[in-house]
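I opened this notebook to record what I looked up in one structure. The entries run from the whole chain down to single residues.

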Amino acid sequence: MSIVSGAALLVFAKAPLPGRAKTRLIPRLGEAGAARLQARLTARTLRTARAAGFAAVELHATPSRTHGLFAFYGKKFQVDVESQKGSELGERMHHALRGALRRHRAAILVGTDCPALTPGDLRRAARLLRGNCDVVLAPAEDGGYALIGVSKFSAALFSALFSGLAWGGPDVYAQTVQNLALAGYRWRALRTVWDLDRPADLERYASLPLRFTSARLRLGAPRLRSRRSS
């Protein structure tokens, strides 16, 4: 396996807390089941990152008070664990990517909700950033995006990427692309992928290749109580 050097891969993950994780799937899976799914999705994403051959992989946890819960993943997958910083998603992504670009030539950020992303997708994003792309995006079926990669930091570029967007809405990808085009930045899109958010998505998840599904994971993460308040 070739090593992807020069680019950092950042994985944004929510803590697998019963009652707080994958809340749209709680009616189907229950609080504990939804939390277990979140834990497995986090592990799957880190396995995919490692299979892609990235030399630098970071796990960025939220809420920040749960940083210690992610030490298990850091040890198992040999990744650095950081706390997300910022009050809303755009601010947290801005902070993480800007920090990574101080240490690496490019940075790619993914969440844990898109198990359809493959090692090949991640390697292609890195190749595009090594070329002449300022930004790489993987559009998601729900109107957002599942991956963002950047090859440089500038205040104007990051404003186009992270300012004035309704995070979680159906137009995040379209608005981001429009902002990039209007500002004249060079960007490329990967294939469109899907997020695991709704009960109907569970069947799609079950059909994915076994080598990256949760079926083979035996996690030793701590058992967590339900937490409905911060």
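The entries below follow the order in which I looked things up.

**Entry 1: the model and its fold.** I noted at the outset that this is a predicted model. I then listed the secondary structure and found seven helices and seven strands in the chain. Read along the sequence, they follow the pattern β-α-β-α-β-α-β-α-β-β-α-α-β-α. I next looked up the radius of gyration, which is 17 Å, close to the 17 Å that the globule rule gives for 230 residues; the chain is therefore as compact as a globular protein of that length. Along the principal axes, the C-alpha atoms fill a box of roughly 45 × 40 × 35 Å.

**Entry 2: contacts, surface and charge.** I looked up how far apart in sequence the contacting residues are. Among contacts between residues at least 6 apart, 71% join residues at least 24 apart. The accessible surface comes to about 11,100 Å², and carbon and sulfur atoms account for 48% of it. I recorded 36 positive and 16 negative side chains, with the centres of the two sets 8 Å apart.

**Entry 3: the interior.** What share of the 230 residues counts as buried? I found 51%. In soluble globular proteins, nonpolar side chains tend to be buried together.

**Entry 4: helix α5.** Which residues of helix α5 (residues 155-162) are buried? I listed L157, F158, A160, L161 and F162. I also asked what covers these buried residues, and the cover includes α3 (89-101), β5 (135-139), β6 (145-150) and α6 (172-183). Just after α5, G164 takes a positive phi of about 75 degrees.

**Entry 5: D201.** I located D201 in helix α7 (residues 201-206). Is D201 buried or exposed? Its relative accessibility is 1%, and buried means under 20%, so D201 counts as buried. Beyond its neighbours within four places in sequence, D201 is in contact with W194, D195 and L196.

Methods
Residues are numbered from 1 along each chain as its sequence is written. This is a predicted model: local features need pLDDT of at least 70, side-chain atom pairs count only at pLDDT 80 or more; totals for chains, interfaces and linings use all residues. Side-chain values use heavy atoms; hydrogens and water are left out. Helices (H or I, at least four residues) and strands (E, at least two) are DSSP runs, numbered from the N terminus. The radius of gyration is taken over C-alpha atoms; the globule rule is 2.2 Å times the number of residues to the power 0.38. Buried means under 20% relative accessible area, exposed over 50%, partly exposed in between (1.4 Å probe, protein chains only). Contact means heavy atoms within 4.5 Å. Accessible areas come from the Shrake-Rupley method with a 1.4 Å probe; for residues, only the protein chains shown count as cover. Lys and Arg count as positive and Asp and Glu as negative; His and the chain ends are not counted. The place of a charge is taken as NZ of Lys, CZ of Arg, CG of Asp or CD of Glu.
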